[in-house]
Amino acid sequence: MKTWLHRQTFKPDITVAVFFGVVAIFFYGSILWTFYMSLTRSTLMPNYAVVGLDQYVKLFTNYRWLVSCLNMVIFGVLFIVGTLGFGTILAIFADRRIQAESLFRTIFLYPLAVSLIVTGLSWRWVLDPVNGLQGLMRNAGWENFTFDWLTNPDRAIYTLVIASIWHSSGLVMVIVLAGLRGVDNDLWKAIRMEGIPLWRAYLQVIFPGMRPVIASCVVLLMSEVIRGYDLVIAMTKGGPGIATEMPAKFAVDFYFARVNLGLASAASIVMLMLSLLMLLPYFYSEFRKRT
Amino acid sequence: MSHAIQAERPVFGPRIARFGLYAFLIASAAFFLLPLLLIISNSLKPLEEIRQGNLLALPVRPTFDAWITAWKSACTELECGGVRPGLWNSIKIAIPSVAISTLVGALNGYALAQWKSRRANLIMLLITIGLFIPYQAMLYPTVKILSSMGLFRTYAGIVLVHVIYGLPYTTLLFRNFYVGVPDEISRAARMEGASFLRTFWSVILPISTNILVVVAILQFTGIWNDYLLGLIFAGNDNLPMTVQLTNIVNNARGSVSPNVNMAAAVITAVPTLVVYFLSGRYFVRGIAAGAVKG
Amino acid sequence: MNLRRFTSTISVLGLLAASNAAIAQTVDVQHYWTSSSESKAMNAVADAFKSKGGKWIDSPSADFDAALAAATSRIAGGEPPSAILMTPNSALRDLAGSGQLRDFDDLAAEGGWQKVMSPLVWSKLNVNDHLVALPVGIHAQNWVWYSKPLLEELKIEQPKTFDELFAAADKIKASGRIGIATGGEPWQEVGILFSSILALGGPDYWNELIVKRSPEALKSPILPQAFDIFRKVSTYADPASPGRSWNDTTNLVVTGKAGFQFMGDWARGEFLAAGKVAGKDFGCFLTPSDKPSYSILIDVFAFPVNKDEDRIKGQTLLAQSVMDPAVEEQIAEVKGSVPSRTDVDTSKLDVCAQLGAKTLATPGAAVQAAYDALAGDLNGQVTDLATQFWTDKSMTTEAAVESFSKILQSE
């Protein structure tokens, strides 16, 4: 009876229900609609005649799609590990007592202010083998300096990794920093009194307590991997050849430029499935821990 | 006050380590600044110089012509008015969108963190999936819903779209922050019979400064840089600055002036940079900890 | 007193509004002509429209994809634009097929428009025998541009065959410059492939292969030869080529750092923007062929069905403005295209534009570019194949031809 009363005056569930209703209408409405479209032969405008799984067959026999998925895995792993590592290190350093902390933080954060289109463009310039870094070094007399990853089909994908780590490390840094700032000072005092080495303190005490915050970072980065489009367009346009094609670019290309709503929808649905697959381990552990 | 709190954080002991720390920070800063310097230096070059020389070279004859062109005379549509006409529209869209979506995300995130049930986790999973849907897949249904509400291509419509599309993002960040906040903080309020909303407003929000700042600046960045949603949902009278920026930077078959493109990009990014600089003072330490004891 | 003044103001305002509504002819134009030369061309249309009393609402976006996304969203949301700038490709056929476009059969009959357009252009503007698009200008893909000073310096004549072209390119390469400048973006690469096919096969073969997609044409030896030429061109790519935009590539020719470039005639705008003169600073020819051929890309306006009376009137007025020969001439002059009406005075255009206009008027020479001709996403698939073949030197010509045939026969 007492708990029942409490629930009456303290209602997170109603709030959740309202917002989830909105999400359901917009996001799940879209997912259902997209799934429906993926079963049709819609081109520019929706066509509601169902033809079955043709679009999925077409998708998985499309060489470019398969290459895109493989690229996404390579890019995704390197990008997430790199950004998380780099961003966390920056956050730890920014949380120490350093001179000009605010200046450093702003420098690390500003790439977020730069749109991905401009990020891609400027890194394209830096990495341009003739007019960029390589050319500059060679002109300076370092004749054998070679850094042509951007135009090398086997290496181009790593240039995307560099540019996107540059762009997103700040994101991880601020989120982790906000978490670190929430760490109780008593905890630090205890760590100091115990004489625990700093690296162990972070790895074994501080970060485990911040698990949900770090999980936010991972999920946001995964979403960037799955939806990543602008950077590829600005930097490599999927090339050389199809060496840096990504699933999101595939879907976007087919929505309008290639006038194939059906195939684009199938690609979107498969992308959702993939992201669900990536999210499950994390949520599984959340479920177990909290109930 | 902040010094007293900071003192608890151990400084790096040996001098050599301290030196290493700054070496690392400065090297990282150089890595981060390189593209910005490249953008600014090229925006100061006349077109001729860009065509002839290395992009990393410093300008020989620096000029602000490209900046002036980008601001008020680069061609973006029928009129050649630079990025200036969209500035006010961008501000007018971004401010309410950021404020509402941040607050709404905080409320929803807190509710999900508080609601100790399996269902809350499932719902969080379902909301998170929203982060993985390409915007293009959502355009058509969103258009249909908004036009049935009479909000398609209106100012209210574009704000609503930003708030809703941002929900998964803001909810996730807040929920995962609040999960880590000790329960004791709100328990007292609950015991006194304060309602959920009241607890949220007078107990939880005040201790959330850090995460509020983080989410607000991330949302501001996202909304400020948005192009597609503005183009489709804002309507002709509210087109944001990014529409003009994109029209300058990406034209398929017209002639291109990289210096003007870069100047336009920097001008468009200025408000976000200002927000970052100003946010610094709100990155405060140990507030959550203080509140527990307090 | 105050009240009276108030009511009289209201009635004056009301009258104004009413009279405005009676004469208002409004268009809302969804387009992507945002660069300086394109903006001038759009202004030529808009000025003519406004001078006839119309009200122009501008809805610009950066590229065709975005314009199409915005236009289809607006149609779905019940607020269609009055006109969309596009090309007569499968998107146009889709819009027309689903009854979204207004036709101009009556105006065309009245103005005798069919007589002043080449049959190919006319056929591209009609879907199911209704005129659903009006042409603003015609571009062509199969051009080659070169640096005149560079060729003169090395004493090279303008090439007339592919062999001469490659010999000239080798000579330029030997002098330390880039023989053939290429921008390694898929659409630029596939353009070279299509230009080679058209040059070797001529218009008849092109129509069999690309338009009718006949199995015999796919077996012809012309196809592997075209792929070989395409591969040969790819060997001239310099290290900075991958991902380079077409205009940066054109600039290599403008500044004499490279000899030749395969590119559509929009490249002319880039030369002109750099203050160069056709026939003096730069030269142009169509990809070397025995048969004159010209693969055209048409810029058109399509007119979604609108309900408001003033919007419908606005569309009619805009249609008349677009089809005005004086406007067509102005567009061609500022944008580097060729007028779509055959009765437009071309004497003021430069030598390259005149060569274009002359070839367009040659019976049987004009063909539709693959971008417009191929159904659905076939063009996209060929583009993916071309860029793979261009980049991956281990892919054989036989394998490429086989994939090519598979793609063309897949629909």
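Two residues are in contact if their C-beta atoms, placed from the backbone, lie within 7 Å. The exercises below use a predicted model.

**Exercise 1.** Find how many residues of chain A are in contact with chain C, and describe the side of chain A that touches chain C by class.

*Solution.* Step 1: apply the contact cut-off between the two chains; 25 residues of chain A meet 25 residues of chain C. Step 2: locate the main contributor on chain A, which is helix α13 (residues 247–257), giving the most with three residues.

**Exercise 2.** Work out the strand order of the open four-stranded sheet in chain C, and state which strands stand at the edges.

*Solution.* Step 1: the order is β8-β9-β7-β10 (chain C), with mixed pairing. Step 2: β8 (178–181) and β10 (282–286) of chain C each have a single partner strand, so they stand at the edges and one side of each lacks a neighbour in the sheet. Step 3: from one strand to the next, the twist averages 20°. Step 4: β7 (residues 143–147) of chain C runs antiparallel to β10(C) and is joined to it by five bridges; Val144(C) is opposite Phe285(C) in β10(C).

**Exercise 3.** Compare the radius of gyration of chain C with the globule rule.

*Solution.* Step 1: chain C has 19 helices and 12 strands. Step 2: its radius of gyration is 24 Å, close to the 22 Å that the rule gives for 411 residues, so chain C is as compact as a globular protein of that length. Step 3: of the 411 residues of chain C, 56% count as buried.

Technical notes:
Residues numbered from 1 in each chain as written. Chains lettered and ligands numbered in written order. Predicted model: local features only at pLDDT ≥ 70, side-chain atom pairs only at ≥ 80, totals over all residues. Helix = DSSP H or I, 4+ residues; strand = E, 2+ residues; numbered from the N terminus. Nonpolar A, V, L, I, M, F, W, Y, C, P; charged D, E, K, R; others polar. Pairing = 2+ DSSP bridges. Axes fitted to C-alpha atoms, helices over the stretch in contact; angles between N-to-C directions. Rg over C-alpha atoms; globule rule 2.2 N^0.38 Å. Buried ≥ 20, exposed ≤ 12 C-beta atoms within 10 Å, placed from the backbone.
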